[in-house]
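Here's a quick tour of this model, written with the ligand surroundings and the packing in mind. Have the viewer open as you read.

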Amino acid sequence: MPSVAVVIPAAGQSSRFGGLEKKPFVSLDGRPVWQRSAELFWNRPDVSRVYLVLSPDDRADFRARFGHLIAFANVELVDGGAERFESVANALARVPSGVELIAVHDAVRPLGTPALIDAVFGAAAEHGAALLAVPVADTLKRVDAATNRVVGTTPRTGLWQAQTPQVFRRDWLLDAYARRADVPQPVTDDAQLVEAAGYPVVVVPGSATNFKITTRDDLSLAELILKARTGSREADQPPVRFDDEAKW
Ligand SMILES: Nc1ccn([C@@H]2O[C@H](COP(=O)(O)OP(=O)(O)OP(=O)(O)O)[C@@H](O)[C@H]2O)c(=O)n1
Ligand SMILES: C[C@](O)(CO)[C@H](O)COP(=O)(O)O
C-alpha cells in the first residue's frame, strides 16, 4: 500500500458563491464543507498526512472554530496563495520525501466516496498519475459574452470534465510544479501541469455527484444528496464524526 499525502486547497475567495461566509466553511447538513471533504481521507490507512490550505485571512477564525478537529485528525494548516496552483505549491513544499503519492482534492468537493478514492488511488499507483473525471454529457456552445450570441458548437467527443481527487507520483508532481512558470495561464488543475511536463495522466470515471460546490444552488443540491444517502447507505456505515466536541 503506497503512502499518500493529501493536499486540500481551501484558500479561494468563493466569489461565485457570494455571502458573508466562504464556501469551505459553511455548514453542509450539520458539518462544514471542508470537514466533509477532509474526512474522506483522514481515516484511510494509506493516507499519512493531510494538508489543509487556508487563506491567511481565514486562519485565526478557522483555528477558533475548528482547531479541535484538525488537532484530533492530525491535519496540518498551510497558507494559501492568490491562485489555486499557488496554494497547492505551498503545501507541496511541506510533503516529506517518504511519501510516494500526492493526492489533491478540492475542499469544496464533499461528496466523494471511498470507492471513487480507492479507484483513483489504485490507478495512480499503477500509472503514476490519475484523476477522476466524467465524460461531457451536454452539447457545448461557444458564446460571445457581450451579446450572448452563439458563435459555434464544439464536438464533445473525447471531452471529459476534470474532478478531484487528482493523484500523482510525488516526484512527477514536484517536477511539474517546479516547471509551472513555463505553462500558459490559466492553470485550473494540477493534472494540467503534470501533462505539460510530459508525464502520462489517465482518467478514472468519477461521478456526477462528486461535483464542486461553486454556487449556492450547488450547496442546496449537495444537502439533498447527503440527506438521501443518510437515509440509505451512510446510515449503515457512518464516517467517524466529531459531533461530540466535549471529547476533544
Ligand atoms: N487561490 C486559491 C483559489 C482556490 N483555492 C481552492 O481551490 C478549490 C477550487 O476552487 P474554486 O471552486 O474555484 O473556489 P474559489 O476560487 O474560492 O471560487 P471563486 O472562483 O468563485 O472565487 C476551492 O476549494 C478553493 O478554496 C485555493 O485554495 N486557493
Ligand atoms: C481542480 C478542479 O476541481 C477541476 O475541475 C477545478 O478546475 C478547480 O476549480 P476552478 O473553478 O477552476 O478553480
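Strand β10 (residues 160-169) gives the largest share of the shell around ligand 2, 3 residues; strands here are DSSP E runs of at least two residues and helices H or I runs of at least four, numbered from the N terminus. This is a predicted model, with local features needing pLDDT of at least 70 and side-chain atom pairs pLDDT 80 or more, while totals for chains, interfaces and linings use all residues. Residues count from 1 along each chain as its sequence is written, and chains are lettered from A and ligands numbered from 1 in the order written.

Around ligand 2 sit R84, D106, A162, Q163, T164, T188, D189 and K212. For ligand 1, P9, A11, G12, S15 and R16 come nearest of the 22 residues around it. A residue counts as near if its C-beta atom, placed from the backbone, lies within 6 Å.

Now for helix α5 (residues 170-178): R170, W172, L173, A176 and Y177 are buried, meaning 20 or more other C-beta atoms within 10 Å of their own. Seen down the axis of α5, these fall within an arc of 165 degrees (taken from the directions from axis to C-beta atoms), so they line one face of the helix. They pack against α3 (84-92), β6 (101-104), β7 (129-135), β10 and α6 (190-196), with contact set at C-beta atoms within 7 Å.

Definitions and conventions
Buried ≥ 20, exposed ≤ 12 C-beta atoms within 10 Å, placed from the backbone. Contact = placed C-beta atoms within 7 Å.
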